[in-house]
Amino acid sequence: MLTLICKVLNITNIYEAYFGENPSDPLSTLNEAGKEKALDYIELLHESGKYEKQTAQIISIMRTIDIYENAVSAGTGNFLTDGPKKTIQIPDNVIPEATSYGVRITGDSMEPEFKNGQIAWVLKQDAIENGEIGIFSLNGEAYIKKLHDNRNGIFLISLNEKYPPIPVKEHDRFDILGKVVGRTNPGELTDYM
């Protein structure tokens with residue numbers, strides 16, 4: 001909070017402003033004209049380029065991520081886990097939300113948030129919170145849906161209201177494959193595929 005107040009008041013040297021002379025700042029013993037001359041000289045040193053501090057260049061670290069070729073359904077359901085997949089290498093700063101794997105979306109039941117052809121990025125986990133969007137396997141078919149769990153049972157909910165909720169019945173084979181953490185249009189990955 002103190003630094004924000006100092007920023008608003010245009011105080012750049014907190015020690016000097018509150019305690020007087022700052023022993024670690026050679027400018028604190030100069031008057032305003034002297035400070036201005038010292039800053040002019042510092043600017044000349046920068047302009048010469050001879051005295052610039054050498055900074056380390058950050059090297060982008062590559063990571064691999066799988067994209068399942070069988071599309072996950074935003075509609076009627078598709079099989080996912082045993083299908084073919086493509087492994088791509090991407091820098092860490094590209095699609096940072098892509099932490100475990102990607103799946104292609106087919107259908108329009110998750111519009112407007114998720115569109116047909118996009119890649120949904122998934123954090124692999126076997127539990128998600130009520131109301132979160134995840135990738136689910138229901139009786140061998142893979143879905144991208146919102147989880148709705150209440151006293152009436154568990155339902156997979158579409159964002160597009162024209163699709164009814166899909167109930168998870170007592171004897172159904174139901175697995176949570178992960179939490180959806182982002183999405184990408186397919187054209188955004190052409191450099192890595």
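**Entry 1**

Accessible areas come from the Shrake-Rupley method with a 1.4 Å probe, and for residues only the protein chains shown count as cover. I located Ile5 in helix H1 (residues 2–8); helices (H or I, at least four residues) and strands (E, at least two) are DSSP runs, numbered from the N terminus. Ile5 counts as partly exposed because its relative accessibility is 42%; buried means under 20% relative accessible area, exposed over 50%, and partly exposed in between (1.4 Å probe, protein chains only).

**Entry 2. Basis and confidence**

I note that this is a predicted model, in which local features need pLDDT of at least 70, side-chain atom pairs count only at pLDDT 80 or more, and totals for chains, interfaces and linings use all residues. Residues are numbered from 1 along each chain as its sequence is written, and side-chain values use heavy atoms, with hydrogens and water left out.

I checked pLDDT, the predictor's confidence in each residue from 0 to 100. The protein averages 80, and 81% of the residues score at least 70. Over residues 75–79 pLDDT stays under 50, and the model has 20 contacts for them beyond four places in sequence. A contact means heavy atoms within 4.5 Å. Where pLDDT is low, the predicted coordinates should not be read in detail.

**Entry 3. Overall layout**

I counted three helices and nine strands in the protein. Along the sequence they follow the pattern α-α-α-β-β-β-β-β-β-β-β-β. Of the 193 residues, 33% count as buried. The protein exposes about 12800 Å², of which carbon and sulfur atoms supply 52%. Among contacts between residues at least 6 apart in sequence, 60% join residues at least 24 apart.

**Entry 4. Salt bridges**

How many salt bridges does a search of the whole structure find? The search finds five, with a salt bridge defined as a side-chain nitrogen of Lys or Arg within 4 Å of a carboxyl oxygen of Asp or Glu.

- Lys162 and Asp108 meet through their side chains at 3.2 Å, N to O. The pair links distant parts of the chain, 54 residues apart: Lys162 is in the loop between strand S7 (153–157) and strand S8 (166–168), and Asp108 is in the loop between S3 and S4. Lys162 is exposed at 58%, whereas Asp108 is partly exposed at 21%.
- Arg183 forms a salt bridge with Glu113, the closest N and O atoms being 3.9 Å apart. This pair also links distant parts of the chain, with Arg183 in strand S9 (residues 174–184) and Glu113 in the loop between S3 and S4, 70 residues apart. Arg183 is partly exposed at 38%, and Glu113 is partly exposed at 34%.
- Arg173 pairs with Asp175, and their closest N and O atoms are 2.7 Å apart. Arg173 counts as exposed at 54%, while Asp175 is partly exposed at 24%.

**Entry 5. The loop between S3 and S4**

Is Gln118 buried or exposed? Gln118 counts as buried because its relative accessibility is 7%. I placed Gln118 in the loop between strand S3 (101–106) and strand S4 (119–123). Beyond its neighbours within four places in sequence, Gln118 contacts Val103, Arg104, Ile105, Glu113, Arg183, Thr184, Asn185 and Pro186. The side chains of Gln118 and Asn185 are joined by a polar contact of 2.9 Å. A polar contact is a pair of N or O atoms within 3.5 Å; within protein, one must be able to donate a hydrogen and the other to accept it, and residues adjacent in sequence count only if both atoms are side-chain atoms.

Pro112 lies in this loop between S3 and S4. A cis peptide bond joins Glu111 and Pro112, with omega about 15°. I also recorded that the C-alpha atoms of Glu111 and Glu161 are separated by 9.2 Å, although the two residues are 50 residues apart along the chain. Glu161 is in the loop between S7 and S8 and is exposed at 78%.

**Entry 6. Backbone at Asn139**

I noted a positive phi, near 55°, at Asn139, a residue other than glycine. Asn139 is in the loop between strand S5 (133–138) and strand S6 (141–150), and is partly exposed at 44%. Most residues other than glycine have a negative phi, and most peptide bonds are trans.
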